[in-house]
Structures are given as C-alpha cells and as structure tokens.
Amino acid sequence: MIPSINPSGSRTIGLLAYFYGPGKHEEHTDPHLVASFDGMSPDPGRDAKATLKDLQQLLDQPVMALAEHARPAKHVWHTSVRADPRDRTLSDEEWAGIARRIVAATGIDPGDGQPGCRWAALRHADDHIHIVATLVTEDGHRPDDYRSGARAQAEARLIEKELGLHEVAPGDGTAAQRPTSAERHKAGRQGRERTAREELRETVRRAVAGATSEEEFFDRLAGAGLLIRRRAAPSGDLLGYKVALPDDRNKDGEPVFYPGARLAPDLSLPRIRERWSGDAQDNPAPQQEEAVRTGPGAPAAARRRTASAAWQAVLVVEQGNDAVAAAHIAAAGEVLDALAKTSAAHTRQELRDAATLYERASRSHVRALRGHDQALRQAARDLVHGGPALGRGEDGASTAMAIDMLFFLITAAAHWHAKKGHAQQAAAARQAAEHLHSAYQEAAAHPLGLLYQRGRRLNRPLLQRQAVVLREALPALAEQILAEPGWYALAATITDAEAAGHDPATLLSDAVERRELDTADSVSDVLVWRLRCLADLSADASGAPEHGTGKGPSAMRPAAPSPSLHWNRANDAAGNTR
C-alpha cells in the first residue's frame, strides 16, 4: 500500500472536479465518498441533490473564516493511497478505515479531542482512494503535518499487516522518483512499454557505467540519441545537465527534459563526478593496455576480468568497512549495466532486468567512499569498450563465468543491506539475483555440458585420483560435490589445471576459503568457474586438449595409483554413481 502525498494546491474545486470527473482516459468509475471528517459530507457522486460546490464550500469553510491576509496561499492537501496489484479488492468500509488512519497519522485530523482539518476520501477505482483536506483546523490554526509523507508510510506498513495485505518494504528516501500517473498514461498513448523517465534513467545509467570523464559521459549520451542541455555557471563551469528523448514532447511540441537528479539521486552531475574522483590517481590506464582491451578477444577478456573483480568485491562487501562496501555495491550496478548492454541475445533480457532491479539496491544512506571500487569500475569500462559478446565459444562461456561471480556479489549485497535494515534495497538485490540465476542457466548450459562430457571421458584411474584430491582438499564438501551432476565438469577442470602446472588441491582450498558456498545450487559448478578463473584456463572447453581420456596426445598421464587409491566399487563415488 503506497500513500503518495502531493504538493499543496490552491483550488479545492479543481481537485474535486477531477476526482468526480471521468478522468483523462475515462478510467474513473462510480466516483463516491467513502469517508469524511464528519461522516455526513455531501457526495455529488451518489446524491443527485449534492453538488461539487456544496462539498467544496464545506471543506473550505475554516479557510474562508480567516481574514483574507491570514489564509494560506496553498491550503489544499491531497494524497492518494494505492493498494498493491497483488492485494485483494478492498471494500468501501475498509478504505474508509484506511482513510481515517492516514489523516490521523499525518496530523490532518489527529482525533482524541484535538482540533483537526476538514477532509473527504473519495474512491473512483478498485485499487485506490484520494483524500483531500484543507490546511486550516477548526480552531483556525495550521495542522501539525510535518513529515506527513513519512508518517503516512509508517501507518501504511501497520495497515498492511493488520489487513493481511502485501507488505511493502519501508523506504529510506534514496529511491528514484516513480513515474507520475500522467507519465504512465502518456507512455500508453505513445505505445511505449516504459515511461520516458524510465527509459532515460536506464540510458543514463548505461552511459555512466565505466565512464571516466565528463566528455566521455556526454559523448555516450549523444551516441545513444538523447537530447542534452548543460547548465553552466557564469564562470563557464558546468553545474548540471538535462536529457530528453527526441520524440517525447509536451503539448507545445517541445522536448520534455529531465535533470539527472530527477532520474535518480546518484545521477546528478556532482554524484557522477564522485565516481571519477579516484580514477586518475588510483587506476591509470596506459594506452597499450587500453588497446588490448579493445582488440581481438576483448569481450571474453573483459568478462574474465569482471569475474575476478566481482570475486574480490564479495570479500570487501562481507568484510570491509561500510563506506568501502557501499562503494563496491554501487559499482556493481555499473557492471550489471555494462554486461546487459554488451551480452548476447539469449541472456540480454534477464541481465537487463537484473540491472534495472538492482538500481534500487545500489544506493542507501551509507555514503560510498569512492576510489576503492576501481576494479569493478574498470571491469564495467572493459565490458563497454570490449564490445558485444557472442553467445557461444569463449565469449559465451566467459559470460557464464562472470554471471556466476556476479550472482554471489549481488547476494552479498542483499545480505549487507538486510543487516543494515535497508529493506527495499535488500529486496531489490534478491530480485536481481533471481534474474542473474536465470541468465546464468542460459549462459552456462552449453560450456558446462562440454566439460561434463569431457569429465565422463576421463579414464577411471584419473577420475578416482581427482576424487581423492577433492576429498583431501575439501573434506567437508567432497561427498556433496561427488553426488552432484556437475562433478564431471569439475573433474575435467581439475585435470586441466593440473596439466597447466597448478596444484589443484591449493586451487580448491583457495576457492572455498574465499567465499562460503551455502547459497550455491551446485557447488561443483561454482568451483568450475573459480578454478578456471584462478588457473587462467579457457572458459570454453570446446577446443581444449583432452587429458587422461586416451583420445589423442595427452600432456599428463596419471601415475600408477598407490594402495590407498584402490577402492572397491561400493566406495568408488567417482566411478559408479554416474
């Protein structure tokens, strides 16, 4: 349930005329009062003898009783209270009770013998009501409506619990501004799936992802086709900016511009500049390195660096101080935006949805300490400059690797927000993680399938030896992993790592020590990507040489098994459970 308090107005009759009218798109049905300050106010909707003027004069009477110079210029208070789409349809009696509680909680009509304002609650749809009040109490004073918005929200949380409605997570004032009703209707008329505000917010977020200067940021906005207005001081210093969609016009045919801060609090120019504050000194990018990041194989290389940066960031979010953790949580949003922008079609929508949802989780009242998040910001930059990735081969497999690591980072962010009591941010991060999980399943199916087949072709002594390595390195997890379908893919990865000169036991221990695996659906899948990342192995196994299969040349042949490796078939989990 969302109460939305609007700016004060000056014409009671105008507001009533809209409430009782057909609406801008004939959406108002059966407008009528459900409650009022005295329970007897005239209802022009259901009483043929009552008029809008009657109701307006009744509500305005305390205002008009004041001397003209004492009347407030903006004396009309208005809030809508909207039910969640998942809620049942409430009765008029239930809405009446809700209205009385909202006006009491906000100080409009506090009750308990205290003088209140005159108000009326009107319903013209199943899912919401409007409450209009005049801001002069019966004894001629201004009501105590300070922070009425926050008070209305707090009361709504109590109402949800008592009526068994969907419980909205409490906010902290850091959310992006919602599209207005007029913006939603306009989008509908224009055939848009989203409002101009929402489209602009996503476009600006993608433009800022990994950008390192104002010039680059504005070039990206222009490249995306947005109209841009810059606001400068008399000295010529840039103070801010506005953006508009070329085809979003007002009634006069002029573009509708939105300041960055109106799209989201962290999209104002000063807040964007904070992201760049540590770039030059903390992470200089040599021209040669930049060339590598935009050359052949760049999309896959960018995804591998993203996986590594995300893995490191998990530790910071879980163990670092709040300001540094907040910076990494914010930077994770840039990485998601960049990954969604550059990924192949089969994962793009899920990644785009994840990035859109995570936007709410990227901000809180914990101020981010920028400069420590450069690895993630550089990863976002690499993704953008690396260009679009293919959905197959090394590009596709490295995408799965990156998504896997990002899933754990976003899950860590959800836990961090939950511990801080940031309910909306925690919920948003959890929802984003669900979309990442879906994207991962799409991206990982083929590369893990190839590794699985390679693991199935490993000769029996080698497969047994890899199981011993696993049991010695991860005694607490070994039996679970050996029972998972993904064990064969992990066995193939251990074999590849050993062939590349790595100690697989050390790699396994390092992979587990650096992150808990309780939230993993498949521990073996997670370890596949972590080991391939740590050992700098190709994410795509389609062209890799096969070791220990008896097919073609092998760079590694297992030694004869020691006595301790001679297991009977009942205990041979690696050989007889598949």
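## Overall picture

Of the 578 residues in the protein, 51% are buried (under 20% relative accessible area with a 1.4 Å probe, protein chains only; exposed is over 50% and partly exposed is in between). This is a predicted model, where local features need pLDDT of at least 70 and side-chain atom pairs count only at pLDDT 80 or more, while totals for chains, interfaces and linings use all residues. Residues are numbered from 1 along each chain as its sequence is written, and side-chain values use heavy atoms, with hydrogens and water left out.

The secondary structure comes to 23 helices and 8 strands, taken as DSSP runs numbered from the N terminus (H or I with at least four residues for helices, E with at least two for strands). Look at contacts (heavy atoms within 4.5 Å) between residues at least 6 apart in sequence, and 73% of them join residues at least 24 apart.

## The cores

The largest nonpolar core has 90 residues, and Tyr358, Trp487 and Trp529 have the most contacts inside it. A core here is a set of buried Ala, Val, Leu, Ile, Met, Phe, Trp, Tyr and Cys residues joined through side-chain atoms within 4.5 Å. Apart from it lies another core, of 24 residues, with Ala35 and Ile129 among them.

Back to Tyr358: leaving aside neighbours within four places in sequence, its contacts include Ile329, Leu336, Ile410 and Ala432.

## α16 against α22

α16 packs with helix α22 (residues 523-534) at an angle of about 110°, their axes 10 Å apart. Axes are lines fitted to C-alpha atoms over the stretch in contact, and angles run from 0 to 180 degrees between N-to-C directions. That makes the two helices roughly perpendicular, the label for 65 to 115 degrees.

On the α16 side, the contact is made by Ala397, Ala400, Met401, Asp404, Met405 and Phe408. From α22 come Val526, Trp529, Arg530, Arg532 and Cys533.

Histidine 422 sits in the loop between α16 and α17 (423-456). With a relative accessible area of 11%, histidine 422 is buried. Setting aside neighbours within four places in sequence, its contacts are Ser364, Val366, Trp416 and His417.

Proline 270 belongs to helix α9 (residues 269-276) and counts as partly exposed, at 47% relative accessibility.

Key. Parallel < 35°, antiparallel > 145°, perpendicular 65-115°, else oblique.
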